[in-house]
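Trainee: I would like a close look at one part of this model. Which residues and elements surround it, and how are they placed?

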Amino acid sequence: MSEHLSSPPASAAGLWESIDGLCGWLDANSPVDGPERLLMRVLKLSEEVGEVAQALVGVTGQNPRKGVTHSWDDVRAELCDVAVTALVALRTLTPEARDVFARHLDRVTVRSLGA
């Protein structure tokens, strides 16, 4: 299960500095390079989404053999892992990840909530 650390919320700039740092750390320690690196980072999203599903099954006790094995904190942490993993994959795809994400979020917001 995921560790839960208490820290102040990251600003938007701090968030992207963290993503850049994580991306650099992963690049330096990656066993693959080139297009395979991006493919593996996108594939990692599937693993993280699976961990959200596992936590949801665990928090609701849907596996009678195991019972309740997770908490809602675990679900929240796994959802955060999905978000971080997606942002790292986006940053791997483009050094302009911050701007690409901001523009996309603006479009989704306008489309969903109006101007």
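**The second largest pocket**

Mentor: H2 gives the most to the lining of the second largest pocket, with six residues. The model is predicted, so local features are reported only at pLDDT of at least 70 and side-chain atom pairs at pLDDT 80 or more, whereas totals for chains, interfaces and linings use all residues. Residues are numbered from 1 along each chain as its sequence is written, and side-chain values rest on heavy atoms, with hydrogens and water left out.

The pocket holds about 360 Å³ of space. Of the 13 residues that line the pocket, Leu-26, Lys-44, Glu-48, Thr-85 and Val-88 are closest to its centre. Two or more lining residues come from each of helix H1 (12-28), helix H2 (35-60) and helix H3 (72-93).

Some terms need their limits. A pocket is an open set of points on a 1 Å grid over the protein atoms alone, where a 1.4 Å probe fits and protein lies on both sides within 12 Å along at least five of seven lines; a lining residue has an atom within 4 Å of a point. Points are joined across faces, edges and corners, and the volume is the space filled by probe spheres set on them. Rolling a probe the size of a water molecule over the atoms shows where empty space is left.

By class, the lining has seven nonpolar, one polar and five charged residues. Nonpolar covers Ala, Val, Leu, Ile, Met, Phe, Trp, Tyr, Cys and Pro; charged covers Asp, Glu, Lys and Arg; the others, Gly among them, are polar.

Now take Glu-48, one of the residues closest to the pocket centre. Glu-48 sits in helix H2. It counts as buried because its relative accessibility is 7%, and the limit for buried is under 20% (exposed is over 50%, partly exposed is in between; 1.4 Å probe, protein chains only). Leaving out residues up to four places away in sequence, Glu-48 touches Glu-78, Asp-81, Val-82 and Thr-85, where a contact is heavy atoms within 4.5 Å. Thr-85 is also among the residues closest to the pocket centre. The C-alpha atoms of Glu-48 and Val-82 are 5.5 Å apart, although 34 residues separate the two along the chain.

H2 itself has 26 residues and reaches 39 Å from first C-alpha to last, close to the 38 Å expected at 1.5 Å a residue; the expected span is 1.5 Å times one less than the number of residues. Its buried residues are Arg-37, Arg-41, Glu-48, Val-52, Ala-55, Gly-58 and Val-59. An α-helix has 3.6 residues a turn, so residues three or four places apart point the same way. Just after H2, Gly-61 takes a positive phi of about 65 degrees.

Another residue of helix H2 is Arg-37. Arg-37 is buried because its relative accessible area is 15%. Its contacts, not counting residues up to four places away in sequence, are Asp-27, Ser-30 and Val-32. From the C-alpha of Arg-37 to that of Ala-89, 52 residues away along the chain, the distance is 9.3 Å.

H3 has 22 residues and reaches 32 Å from its first C-alpha to its last, close to the expected 32 Å. Buried residues in H3 are Asp-74, Val-75, Ala-77, Glu-78, Val-82, Thr-85, Leu-87, Val-88 and Ala-89.

At 22% relative accessibility, Arg-91 counts as partly exposed. Apart from neighbours within four places in sequence, Arg-91 is in contact with Ile-19, Asp-20, Cys-23 and Ala-97.

Last, the whole protein. There are four helices and zero strands, in the order α-α-α-α along the sequence. Buried residues make up 20% of its 115 residues. Among contacts between residues at least 6 apart in sequence, 60% join residues at least 24 apart.
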